[in-house]
Amino acid sequence: MNTSSLALAGAALLGTLATASATDLTGNTANTDECCNVIELRQYVTYPGKRDALISLFEKHFIATQEETGIRVLGQFRDVNDPYHYTWLRGFRNMEARKQALTDFYSGKTWQAYRNEANATLYDNDDVLLLRPATHGSGFMPGSRTRPAPGSSAPRKGFVVATVYHFAQEVQPDFISKFNEQLMPMFERHGAHIMGRFVTEKSRNTFERLPVRENVNVFVWFAAYADRAAYENYLQGLSGDAQWSDQVFADLYKSLQRWPEILMLEPAARSLLP
């Protein structure tokens, strides 16, 4: 593999990162109030031809009814590289609030009325990462973002890339510091707009009806771009960065347990993020 190809591969490996800005890519003014201390990153596999049916059902019936219980429904996405893959995010104040909110929602009338219809679209819904902000202030800050109204079908602006780094041991503070101090300035120069950085939440899953991936140690971040072309421009710019291609890519790769998961996501019509 030549140097240019290696650099491009390295850019794809790293995915997305940048510093938070006062205004996001869709013109929303950010708020300094961090959203949630606990996040679920939920990746579903739908049966062929059923993803849009699930999204329609979800956006019509499962957003307001979850938020009534205290859940923050943050984003719903189509994976652009997998027509069967549906990814969504929800947040909670803490683990105890999560237990109560999930109990209330899944015992509520709306879920009971539509669960069979939803479950009929799903081949697998057990791929769930339980996360917390990596450092104070690194969680999602939805600020003044406004969710499109029920029934909205207009395409949602923006493009999101989530990168999941796997480690053999629990993510250490020195890695987070290195990430913030060495890597972040490089990535933001090339156009990524970070929305959140997270690590595995190690608390016991207190809502056992819904399994989560246990015995994993991950560092996850989400970055927004104006569109896919802007993301490709980011990768191209990063690949031409001598610091990245000469040493930083190799050092990062060697620290990982395995190749990362990179999710390229198109927001659904009523997604709050990006």
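**Exercise 1. Identify the buried residues of helix 7 and state how they are placed around its axis.**

*Solution.* Step 1: Tyr231, Tyr234, Leu235, Leu238 and Ser239 are the buried residues of helix 7. Here, buried means under 20% relative accessible area, exposed over 50%, and partly exposed in between (1.4 Å probe, protein chains only).

Step 1: These residues lie on the same side of helix 7, because they cover an arc of only 130° around the axis. The arc is taken from the directions from the helix axis to the C-beta atoms.

This is a predicted model, in which local features need pLDDT of at least 70 and side-chain atom pairs count only at pLDDT 80 or more, while totals for chains, interfaces and linings use all residues. Residues are numbered from 1 along each chain as its sequence is written, and side-chain values use heavy atoms, with hydrogens and water left out.

**Exercise 2. Compare the span of helix 7 with the expected value, and find the residue that caps its N-terminal end.**

*Solution.* Step 1: Helix 7 comprises residues 228-239, which is 12 residues. Helices (H or I, at least four residues) and strands (E, at least two) are DSSP runs, numbered from the N terminus.

Step 1: From first C-alpha to last, helix 7 reaches 17 Å, close to the 16 Å expected at 1.5 Å a residue. The expected span is 1.5 Å times one less than the number of residues.

Step 2: The N-terminal cap of helix 7 is Asp227, with a side-chain oxygen 3.2 Å from the backbone nitrogen of Ala229.

**Exercise 3. Locate Leu210 and determine its surroundings.**

*Solution.* Step 1: The loop between strand 6 (193-200) and strand 7 (218-225) contains Leu210.

Step 1: The relative accessible area of Leu210 is 14%, so this residue is buried.

Step 2: Leaving aside residues up to four places away in sequence, Leu210 touches Arg42, Arg90, Arg98, Leu102, Tyr106 and Asn205. Contact means heavy atoms within 4.5 Å.

Step 3: Leu210 and Val128 are 82 residues apart in sequence, yet 8.8 Å apart in space, C-alpha to C-alpha.

Methods: Polar contact = N/O pair within 3.5 Å; in protein donor to acceptor, adjacent residues only side chain to side chain.
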